[in-house]
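Please keep the sequence and the structure in view while reading.

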Amino acid sequence: MRTETHDVIVVGAGPIGSYTAYLLAVEGLDVGIFEKNPVIGKDVNCTGIVSTECLKNFDLPDKVILRPVNSIKAFSPSGNYLRYESASPLAYVINRGLFDHEMNSKAVRAGATTYLNTRVKEINISDGTFKVKTEEKEREFSSKIGVIATGFELNFFKGVFKRPKDFLYGIQTDVKMEGVSDIEVYFGKKIAPGSFGWIVPTNGKSVRVGLITKENAAEFLKRFLQNPLITHRLDMRDNQTRCSPIPLGRIPKSYAERLVIVGEAAGQVKTTTGGGIYFGLLCSEIAVRTIIKALKSGNYSEKAFKEYETIWRSKIESELKAGLVLRNIFSRLSDHQIDLLMDIAKRDGILPIIRKSNFDWHRDLIASLLRHLLSKKLFRK
């Protein structure tokens, strides 16, 4: 079997993998990107909300933007709601499929090579190289360093790394719906126990309706679409439904000899909302700095790549832990307590706390909210 070579191999052509490849390619490195799907960005399961900070920091192309997000309406189980509006955009709804395609095109223009419809079936780190075998014609490729950016998959490469222990399911469908101008978020045991459901407007009457749950995702989505607050506004409901796992916390180790793991595969996902784009892009930049340092020094040991995990964990792990604390508390609340929380939020000074918060960084907001609510009857049985 003939072995083809690159300086760096990236497994996965999602936005994090493609962005990593782009940053490496602009440094003059020969990068190969391996994508199991025949088309970039097709059938992606993502609500597609990115912050203003993310849009600016990573120079995302304007053509992927569908609409700005200026207001959010949060519903309690009883239908009571709180509306928050900002004078300037909090975030943007993007065309996620086009976003993925544009990120990959950017990498290719910088000199990276993308192998579409090429599933990596085996990874091996031995004899001073990172090697992959693909299903397509049993081809073998090697490089000095490998990057795993596959997203979160339940069947990871055995013996190479472990997936996060805990995960949820995100399920979503595109429908037509009347009268949606805000992002709508819904809470309640009957909607999404311990989590939330959403309606996100995109273009015209088109909206994304979905939720996150631990189990029975399809059944919960079916009930959600039948919710009295929603069902009368539905104009069309027979579109494709997509469901995928979302990691809940980081993996035990995101590096090895000649290897780094980035994005959802490493658990670099907001534990509050399940969003992975912003944290993944941040950690991609840390990974690239580590890779370039290794290439310059010629040191590809596990110890050399440990620096990557040390830095990214110092950057976002406190956020991941704070989100898990909030999820743990919220999962114990009854619908009555959630209704009470909504009442408190509307009249007891919580909106000013939210206004001071950052769309991407939730730790300080979570700490402030918990301090504010600790003395309330909300947490009493």
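The model is predicted, so local features are given only at pLDDT of at least 70 and side-chain atom pairs only at pLDDT 80 or more, while totals for chains, interfaces and linings use all residues. Residues are numbered from 1 along each chain as its sequence is written, and side-chain values use heavy atoms, with hydrogens and water left out.

**The sheets**

Helices (H or I, at least four residues) and strands (E, at least two) are DSSP runs, numbered from the N terminus. Two strands pair if DSSP finds at least two bridges between them.

G146 stands opposite L259 in β21.

Another open sheet has four strands, in the order β1-β12-β11-β10, again with mixed pairing. Its edge strands, β1 (3-5) and β10 (120-126), each pair on one side only. From one strand to the next, the twist averages 25 degrees. β1 pairs with strand β12 (residues 140-143) in the parallel sense over three bridges, and T3 stands opposite E140 in β12.

Contact means heavy atoms within 4.5 Å.

Helix α1 (residues 15-25) is mostly covered, since ten of its eleven residues are buried. Buried means under 20% relative accessible area, exposed over 50%, and partly exposed in between (1.4 Å probe, protein chains only). The buried residues of α1 include P15, I16, G17 and Y19. Among the elements that cover them are α3 (96-109) and α5 (277-297).

In the loop between β21 and α5 lies T272. Its relative accessible area is 15%, and therefore T272 is buried. Leaving aside residues up to four places away in sequence, T272 touches F196, G323, L326, R327, H362 and I366.

**Aromatic rings and charges**

Rings of Phe, Tyr and Trp (its six-membered ring) pair if their centres lie within 6.5 Å; planes under 30 degrees apart count as stacked, over 60 as edge-to-face and the rest as tilted. A search of the whole structure finds 15 aromatic pairs. One of them joins F167 and Y169 edge-to-face, at 5.5 Å centre to centre and with 85 degrees between the planes. F167 counts as buried because its relative accessibility is 15%, whereas Y169, at 25%, is partly exposed.

One aromatic cluster is formed by Y19, Y22, F58, Y278 and F279. The ring of Y22 also carries a charge over it, as the table shows. A charge sits over a ring if NZ of Lys or CZ of Arg is within 6 Å of the ring centre and within 35 degrees of the ring normal.

| Charged residue | Ring | Distance from ring centre |
|---|---|---|
| K106 | Y22 | 4.6 Å |
| R223 | F220 | 5.2 Å |

How values were computed:
Axes fitted to C-alpha atoms, helices over the stretch in contact; angles between N-to-C directions.
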